[in-house]
Amino acid sequence: MQNHVESTASGIDADLVLIGGGIMSATLGSMITVLQPDWRIVLVEKADTLASESSNPWNNAGTGHSGFCELNYMPDPVDGRKAGSIARQFQVSRQWWAYLADAGLIDPASFIHTTPHMDVVFGQHDMDYLRSRYATMAADPFFEGLEFSDDPSTIRAWAPLVMNGRDSQEPIAATRHPNGTDIDFGALTRSLTGIISGCGGRTLLSHDVRGLRKESTGRWLVTGRKTTTGQSFEVRGRHVFVGAGGYALRLLQQAKLPEVRGYAVLPVGASFYRCEEAAVVAQHDAKVYGQAGLGAPPMSVPHLDKRVVDGRSYLMFGPYATFSTKLLKAGKLTDFFTTLRWRNLPVLAAAALQNLPLVKYLIKELAARPRSKFAQLQEFYPEAELDQWELIPAGQRAQLVTPDPRRIGVLQQGTELVTSADLSISGLLGASPGASTAVPIMLDLVRKCFPEQWSKSWGESIGRAIPGNTLIAWDSTTTRASSQRTAVSLGLLP
């Protein structure tokens, strides 16, 4: 059965309104389309294209975050809980995509590619850390296949560009997992949105949401203007999801949601070096991560990445921190100031004082000259030539800051799902690794916000699509079999 969105004299009426045209809205909308095809779904996006901000492939590193290479998930090398949690969540995302692929709803070749994930560290201290980390991860079935080496010839075979031209006496160690992934989240977003429109849902591009108000009927009134004509528009919905990236907090504040009282965001931007020289790109087939600098935020962990975008291969290195008061790449310099409230000012101040190393790091990065930035790339790729690389701006992120009874304000890493007490509106705040874990995040939202539908049929349907449907732990036999089936469905294994 196809759903049909109603247009009336008073605007558009829907069961679910999605604000933002990125991976989160696309994931939720496509999931509910599959679970309840008669629901009326409307997606509203300010830009004239989908996935124009954080989900755009040039605004992120394209890493399928699975814990294989992200050292910032394990500052303590004997504590693998966070890395294991991310690995389990990413496996749930992959299982859902595999289910959609098996149903003929998406084409995995358009967005996901096998790309080994590596860590490379230098010096005895970091080598000891990596060896200990490897021993911890090797005991978890989700990291089966992870390899460790401190042999330069082995590391050269894994990543020639990293080793060519390097001092043979330099202490170095690496880990490698052959089944990592590179993901074009922009292509995935468009594929998932196609599921919504294929079932009668509507996508409204160039529609700038400026107001959110709950009516006496219990429905939400979403208002704004078309960016192309300036004409106003109205959309009403039984449930609203705010997946607008950096603008999400501002919209939830406009909705007068008490659950975000005292919340704040800090804008953090980035840039990358990109190489499309075929002879260079052909020599590197991995995502190689290293250790973050002192005080650096998690999104600033340096990495040299193989990327596949629109069927073409590239290399990227970064990120380099940038600063702007914009909350979106295509936003305004006044964005950050529109989120300030008297309740969140002390929260922001406290978080800044507790993160002075981060402040110093950002100042140092902003003051760095181009030659100094390129020298960071040469630490990973000693023979890199400047004329083969282009420095490109990446996306803006809004790091979440939340109130805390003891510390007043805390800078949060990752994402946070916010729902109203009456479950009629929800939103997602924060940054990485959101895209990779979009499916479990949206499953959490569906369970919380639609408990009646979940208990009647949705939960059972999801159980068939994602066997086990748990983010905590599976036994090794189930994990291995499930991972293999998923990889085959996504075209990652023959």
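In this predicted model, His117 has His177 of strand 7 as its bridge partner. The two strands concerned, strand 5 (residues 117-122) and strand 7 (residues 172-177), run antiparallel to one another and are joined over six bridges. Helix 11, which spans residues 356-367, packs on the sheet through contacts with strand 16 (312-322) and strand 18, and its direction makes an angle of about 120° with that of strand 16. Helix 12 (residues 370-380) likewise packs on the sheet, where it touches strand 5, strand 13 (264-275), strand 14 (287-289), strand 15 (303-309) and strand 16, its direction lying at about 125° to that of strand 16.

The sheet as a whole is open and consists of nine strands, arranged in the order 6-7-5-14-15-16-13-17-18 with mixed pairing. Its edges are formed by strand 6 (147-149) and strand 18 (408-411), and because each of these has a single partner strand, one side of each remains without a neighbour in the sheet. From one strand to the next, the twist averages 30°.

Arg219 is classed as buried, because its relative accessibility of 18% falls under the 20% cut-off. Its side chain reaches the backbone oxygen of Ala14 at 2.8 Å. When residues up to four places away in sequence are left aside, Arg219 touches Asp13, Ala14, Arg40, Arg213, Lys214, Arg236, Gly237 and Arg238, so that Ala14 is one of the residues in contact with Arg219.

Conventions
Residues are numbered from 1 along each chain as its sequence is written. This is a predicted model: local features need pLDDT of at least 70, side-chain atom pairs count only at pLDDT 80 or more; totals for chains, interfaces and linings use all residues. Side-chain values use heavy atoms; hydrogens and water are left out. Buried means under 20% relative accessible area, exposed over 50%, partly exposed in between (1.4 Å probe, protein chains only). A polar contact is a pair of N or O atoms within 3.5 Å; within protein, one must be able to donate a hydrogen and the other to accept it, and residues adjacent in sequence count only if both atoms are side-chain atoms. Contact means heavy atoms within 4.5 Å. Two strands pair if DSSP finds at least two bridges between them. Helices (H or I, at least four residues) and strands (E, at least two) are DSSP runs, numbered from the N terminus. Axes are lines fitted to C-alpha atoms, for helices over the stretch in contact, and angles run from 0 to 180 degrees between N-to-C directions.
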